[in-house]
Every structure is written in C-alpha cells, then in structure tokens.
Amino acid sequence: MRAVKGINGSAQLLELPNPGMIPQFVKVKTDYSVVSVGTELMMIQNNEDANLGYSASGIVMEVGEGVTHVVPGQRVACYGVPAHREFLLVPKYLVAPIPESVTLQEAAFVGIGAIAIHALRQAGLSFGETIIIAGLGILGQVIARIAHAASYRVIGLELMEERCRTLEAIGAIACRSQEELQRVVESDPSIIGADAVMLCASNRKYSMMDDAIGWLRDRGRVVIVGDTGTEFDRDLLFMKEASVHISRAGGPGRYEDTYEQRGVDYPIGYVRWTEGRNMGEFLRLMAEKRIDMQSLITHECALDDLPSMYQSCLEKPQNSMGIVVRYAKLDTVQVAFDKL
C-alpha cells in the first residue's frame with residue numbers, strides 16, 4: 001500500500017506492506033485523512049522516521065475477533081494510528097460509526113475533534129464562562145467552535161490575520177496581539193480575567209505560561225494543549241492560586257495498552273468520557289449541525305501530492321488550515337494545493 005512518512009527531515013511517498021488482521025482491531029480502507037499541520041511538520045523536522053497523521057475516515061474492510069459495533073462495508077471515522085496510508089489497522093475503540101448526515105470528508109477530522117473535546121474537559125468550564133485560546137491553527141479553531149457551541153465566551157489570540165478572520169466568522173472575538181487581548185478583557189466588567197486559557201501553539205522553544213497566568217481570573221486554569229514551552233514564574237502562579245493542566249490527546253485510554261490494544265473498555269460509571277466516547281461526541285456535534293467543519297477545509301490533495309503540500313504549508317502557513325488528503329482516484333479534480 002502507498003503511505004506518506006517523514007524520513008530524514010522530509011515527507012516521502014513509500015510503498016508499505018498491507019496490515020494483517022488481529023483480534024480487537026478493525027481494518028479500514030481509507031477515504032480521507034486530515035493533516036494536523038503544526039504537529040506533523042514538527043515530527044518531520046525532528047525525527048528520522050516519523051509516522052504521520054492520526055485522524056481519518058473510510059470503509060470497514062474486515063473486523064477482528066471481539067469487534068461487534070461495526071461491520072464490513074460500514075463508513076467509520078478512525079483515530080490514533082498513522083493515518084496517511086491507504087489501509088489502516090485501528091483499535092476497535094478508536095473506530096466510530098459515521099452518522100448518515102456527516103460526510104466522510106468531515107468525519108476525517110474526528111481525531112482532532114476528540115483532542116479538542118478532551119482539552120475543553122480539562123478546562124473544567126461551566127456555562128457562561130470565558131475561555132482564551134492562544135494559537136488558532138486547526139486545533140485551536142476546532143476548540144473554539146466546540147466552546148462556542150457550548151455557550152462559553154470565546155476569545156482567540158493569533159498573529160495571522162487569515163486565522164483571526166476564520167474565528168470571527170463564527171461570532172467569536174479574535175485578537176491580533178497581546179495588547180489587544182488585554183484591552184478586550186479589561187473592557188468587559190463581567191469577565192475579570194479568563195476562567196481558562198488554552199495554549200495551542202506548537203513551539204517548545206517559547207513559553208506563554210506567564211502571559212497565560214496573567215490573563216486568568218483568580219484560581220483560573222491554564223491548559224497546555226499544543227507542544228509548547230512550559231517554563232513559568234512560580235510567584236505568578238502562587239498569587240492567583242492558579243492551576244496548570246495538560247491535555248493528553250483524545251482522552252482517557254490514550255496510550256493505554258489494555259484499552260487500545262486489548263480492547264478492554266473503562267466502565268462508564270468510572271470513566272464517563274474515554275477517547276472513544278469523545279470521538280462519538282464530536283461526530284454527534286457535526287450530525288446535529290452544532291459545529292461546521294466544512295468551513296475550515298481550505299485544501300484537498302491526493303495522497304501522492306501530500307509531500308508537496310507539507311512544503312507549501314511550511315512556506316506559507318497563513319494559507320493553510322483544514323487540509324484533507326483524498327485516496328480515491330478521480331479523473332477530474334481540482335488539486336487544491338496548487339492555490340497555495
């Protein structure tokens with residue numbers, strides 16, 4: 001099968017063996033996968049051998065022993081395995097049926113959606129509270145849409161004008177600088193600082209922790225979502241008795257062998273929202289038209305063209321947002337990455 005991996009600092013199209021079948025897993029023929037731009041570019045640049053992608057959709061080809069919730073021929077969304085390849089072997093709890101009203105293209109965002117939902121759960125927000133999202137790439141935008149649907153007050157911080165306009169299109173507030181953000185917070189007497197700040201940037205060399213603590217109300221929360229620096233001034237944290245949380249991908253079960261590899265679920269009475277249940281919740285939000293993912297899709301490319309797409313994203317990051325990779329061979333298609 002064809003696949004794209006990061007090899008010695010560049011993305012390359014390779015031929016890999018088709019995956020075999022094992023118990024508690026599902027074999028899926030990929031229709032679409034989604035590029036998590038910041039994460040994947042960092043993986044390509046920092047690893048000699050990087051498996052890329054983690055969010056996709058397709059059709060069930062075969063199910064292993066112990067799989068009962070999906071059947072061959074069914075449309076499914078997949079998370080948590082290298083996604084930019086023609087066939088996927090996915091743990092059963094990371095495969096979710098796609099509602100009839102959701103397209104395969106939209107459902108391919110399920111991994112990013114699960115990560116966004118778990119990050120918001122880590123923020124511990126209640127109805128009407130205020131969230132600041134620092135970094136409005138694809139993950140920050142999805143967090144903003146879900147938070148807006150939940151009636152939180154959403155304020156975004158982003159230097160790229162294009163990304164700010166994308167956030168403003170849903171009715172949220174976008175700030176182009178920290179000074180503007182400070183003015184927005186201070187101008188509304190009902191806010192008195194954010195209840196939570198989500199750090200969605202992907203730059204380990206730079207920490208926004210002290211800035212985030214400064215934007216919080218007393219006893220607010222900072223949630224680290226992106227792969228960002230984490231140095232902070234203890235005195236700032238102490239004066240507000242603020243708390244710092246990190247969001248581990250899609251939720252409870254992630255990287256847990258018993259859950260993902262052996263197919264043993266957490267009882268719902270003890271773990272209400274596993275990564276698999278977060279996937280289902282994201283698909284429900286799309287099915288009920290509470291969030292719109294179609295408006296976030298800026299480019300579509302064929303798998304063969306994905307290495308070139310990475311290079312375009314590196315050179316012109318302001319032009320890329322939701323990038324879907326197409327696996328079906330079509331005779332007449334506008335290859336969207338030419339627009340970059």
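Helices (H or I, at least four residues) and strands (E, at least two) are DSSP runs, numbered from the N terminus. This is a predicted model: local features need pLDDT of at least 70, side-chain atom pairs count only at pLDDT 80 or more, and totals for chains, interfaces and linings use all residues. Residues are numbered from 1 along each chain as its sequence is written, and side-chain values use heavy atoms, with hydrogens and water left out.

**Exercise 1. State how many helices and strands the protein chain has, and compare its radius of gyration with the globule rule.**

Step 1. The protein chain holds 11 helices and 16 strands.

Step 2. Its radius of gyration is 20 Å, close to the 20 Å that the globule rule gives for 340 residues, so the chain is as compact as a globular protein of that length. The radius is taken over C-alpha atoms; the rule is 2.2 Å times the number of residues to the power 0.38.

Step 3. The C-alpha trace spans about 55 × 50 × 40 Å along its principal axes.

**Exercise 2. Find what share of the residues is buried and what share of the contacts joins residues 24 or more positions apart.**

Step 1. Buried means under 20% relative accessible area (1.4 Å probe, protein chains only); exposed is over 50%, partly exposed in between. Of the 340 residues, 54% are buried.

Step 2. Contact means heavy atoms within 4.5 Å. Among contacts with a separation of 6 or more, 65% come from residues 24 or more positions apart.

**Exercise 3. Identify the residues that touch the most other members of the largest nonpolar core.**

Step 1. A nonpolar core is a set of buried Ala, Val, Leu, Ile, Met, Phe, Trp, Tyr and Cys residues joined through side-chain atoms within 4.5 Å.

Step 2. The largest one has 69 residues; Ile131, Ile143, Met198 and Phe282 touch the most other members. Helix H3 (residues 110-123) gives the most to this core, with 9 residues.

Step 3. Take Ile143. Beyond four places in sequence, its partners include Ala116, Leu120, Ile131 and Met198.

Step 4. A second, separate core has 22 residues, among them Cys175 and Ile213.

**Exercise 4. Locate glutamate 241 and alanine 249, and give the phi of each.**

Step 1. Glutamate 241 lies in the loop between helix H8 (234-240) and strand E14 (243-246). Its phi is positive, about 45°, although it is not a glycine.

Step 2. Alanine 249 lies in the loop between E14 and helix H9 (257-260). Its phi is positive, about 55°, although it is not a glycine.

Step 3. Alanine 249 has 14% relative accessibility, so it counts as buried.
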